[in-house]
Amino acid sequence: MLDSFRDSFKMPDLKRRIFFTLAALFVYRVGAHVPTPGVDAAALGRLFEQGGLLGFLDMFAGGALSRFSIFALGVTPYINSSIVMQLLAVVVPSIEKLQKEGEEGRKKIVQWTRYGTIAFALIQAVGMTGWLSGLGIYQGNFLDMILVVLTLTTGAVAVMWLGEIMTDHGIGNGTSLLIFAGIVVRIPEAVMRTGSLVRLGEMNVLVLLLAIAIMLAVVAGCVMLQEGQRRLPVQYAKRMVGNRMYGGQSSFIPLRVNTAGVIPIIFASSILLFPYTIAGMFHNSVAMAIQQAMSPSSPIYIVLYIAMIIFFSYFYTAVVFKPEDISSNMKKNGGFIMGIRPGKPTTDYIEKVMGRITLGGSIGLAIIAIVPTLMTNLMHINTFYFGGTAVIIVVGVALDTVHQIEGQLLMRHYEGILKRRGGKGSLLKL
């Protein structure tokens with residue numbers, strides 16, 4: 001593996017992409033430490049020490065929210081806008097038509113997504129500023145509040161731009177890498193804090209060992225979900241082309257257990273965070289009830305979280321996985337699944353198998369996301385920084401990035417980072 005990483009830096013194009021990604025992440029981390037003027041940093045720090053949903057929000061912002069920096073909104077507005085556009089593409093025929101128009105249609109959808117990002121950023125910036133003003137953490141007149149709102153909105157647009165250029169000119173998905181970086185940089189602080197709790201006797205060593213065991217199990221489960229696949233055997237008929245005989249060999253269609261990756265986790269979390277932000281704009285009993293209901297430890301939140309993870313697993317799989325195209329390509333090349341007629345029966349069979357796989361994958365994803373939170377609540381570890389959502393995002397983004405680097409290496413006849421013995425690439429088979 002070390003040799004493969006060394007080889008990746010021998011290729012100028014791949015090396016440039018890696019360094020570009022690292023430079024963009026550095027800019028993002030610098031922006032996360034540039035404070036917005038007028039905020040009582042000490043009072044804000046004490047507020048975030050209470051944990052709960054605030055810590056969960058801060059995780060997606062990479063610590064920028066607890067500092068109320070210019071990047072305090074993080075990637076949440078962009079994700080919310082992307083979710084809305086993908087949902088509209090399902091129900092609005094004109095947007096669905098744009099998706100099928102190739103590059104020009106994609107450019108228009110990207111442009112509308114950017115406009116939506118600005119709108120969501122404005123709403124969230126107003127809500128956060130009003131919420132902090134009501135708590136007495138931010139004190140300023142109306143013009144000062146406008147300046148803060150514009151600063152936060154501009155920061156959200158800058159984060160969106162960083163994510164897009166990282167995707168285009170770097171390695172991996174830029175938006176996911178920004179979330180990944182925000183989580184990873186907080187791991188050393190969490191380890192030191194946990195060590196202090198053990199030394200002070202506030203945390204039992206056995207409880208800590210149990211939490212570590214759960215974390216390792218979650219990591220293993222994430223890898224199995226990301227790498228697992230169901231292989232549909234495909235047989236190709238023999239056919240004569242010129243003077244040569246083609247076909248007759250067997251192959252397979254790899255159907256991933258978790259086709260959507262970490263997208264359902266990110267989408268579900270972002271949507272559930274939005275009502276909390278809107279409720280912060282108001283100071284009444286209804287708003288407080290909404291904020292309590294949207295706490296990650298509340299039963300309502302957990303139920304909604306599970307339902308949305310399953311929904312977005314199916315939704316995103318339907319967006320990226322097209323059984324009709326697979327069936328059509330198989331028919332053109334003389335391929336068929338044993339016992340299934342080519343054409344629509346093959347499409348229906350692939351859809352049926354994919355539906356079952358996605359159900360199992362989405363349930364597994366939801367379990368991994370909530371089990372650590374439930375165990376943390378049962379063990380009453382209020383300050384221990386660990387959650388299934390963070391682990392899934394870190395493992396999923398890391399695997400996706402490594403696979404992209406591996407693909408670049410394989411295209412240039414280098415040995416891949418992830419070695420597969422004898423061609424066996426599945427860690428989980430159904």
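In the predicted model, the axes of helix H2 (residues 12–31) and helix H10 (residues 174–184) come within 11 Å and cross at roughly 60°. H2 is therefore oblique to H10, a term for angles that are not under 35 degrees (roughly parallel), over 145 (roughly antiparallel) or 65 to 115 (roughly perpendicular). Axes are lines fitted to C-alpha atoms, for helices over the stretch in contact, with angles from 0 to 180 degrees between N-to-C directions; helices are DSSP runs (H or I, at least four residues) numbered from the N terminus. Contact (heavy atoms within 4.5 Å) joins Thr21, Leu25, Tyr28 and Arg29 of H2 to Leu177, Leu178, Ala181 and Gly182 of H10. Five of these residues are nonpolar, two polar and one charged, where Ala, Val, Leu, Ile, Met, Phe, Trp, Tyr, Cys and Pro count as nonpolar, Asp, Glu, Lys and Arg as charged, and the others, Gly among them, as polar.

Residues are numbered from 1 along each chain as its sequence is written. As the model is predicted, local features need pLDDT of at least 70 and side-chain atom pairs pLDDT 80 or more, while totals for chains, interfaces and linings use all residues; side-chain values use heavy atoms, without hydrogens and water.

Helix H6 (residues 76–91) packs with helix H15 (residues 299–320) at an angle of about 65°, the axes being 12 Å apart, in a left-handed crossing. Ile83, Gln86, Leu87 and Val90 of H6 meet Phe311, Phe312, Phe315 and Tyr316 of H15. This contact comprises seven nonpolar residues, one polar and no charged.

The largest pocket has a volume of about 1,400 Å³. On a 1 Å grid over the protein atoms alone, a pocket is an open set of points with protein on both sides within 12 Å along at least five of seven lines, a cavity is a set where a 1.4 Å probe fits but cannot get out, and lining residues have an atom within 4 Å of a point. Grid points are joined across faces, edges and corners, and a volume is the space filled by probe spheres set on the points. Of the 46 residues lining the largest pocket, Tyr78, Gln86, Asn173, Ile263 and Tyr316 lie nearest its centre. H8 contributes the most to this lining, with eight residues.

Two cavities of 30 Å³ or more are counted. The second largest cavity is lined by Cys222, Leu225, Gln226, Leu365, Ile368, Ile392 and Gly396.

Technical notes: Helices (H or I, at least four residues) and strands (E, at least two) are DSSP runs, numbered from the N terminus. A crossing is left-handed if the near helix is turned anticlockwise from the far one by less than a right angle, and right-handed if clockwise.
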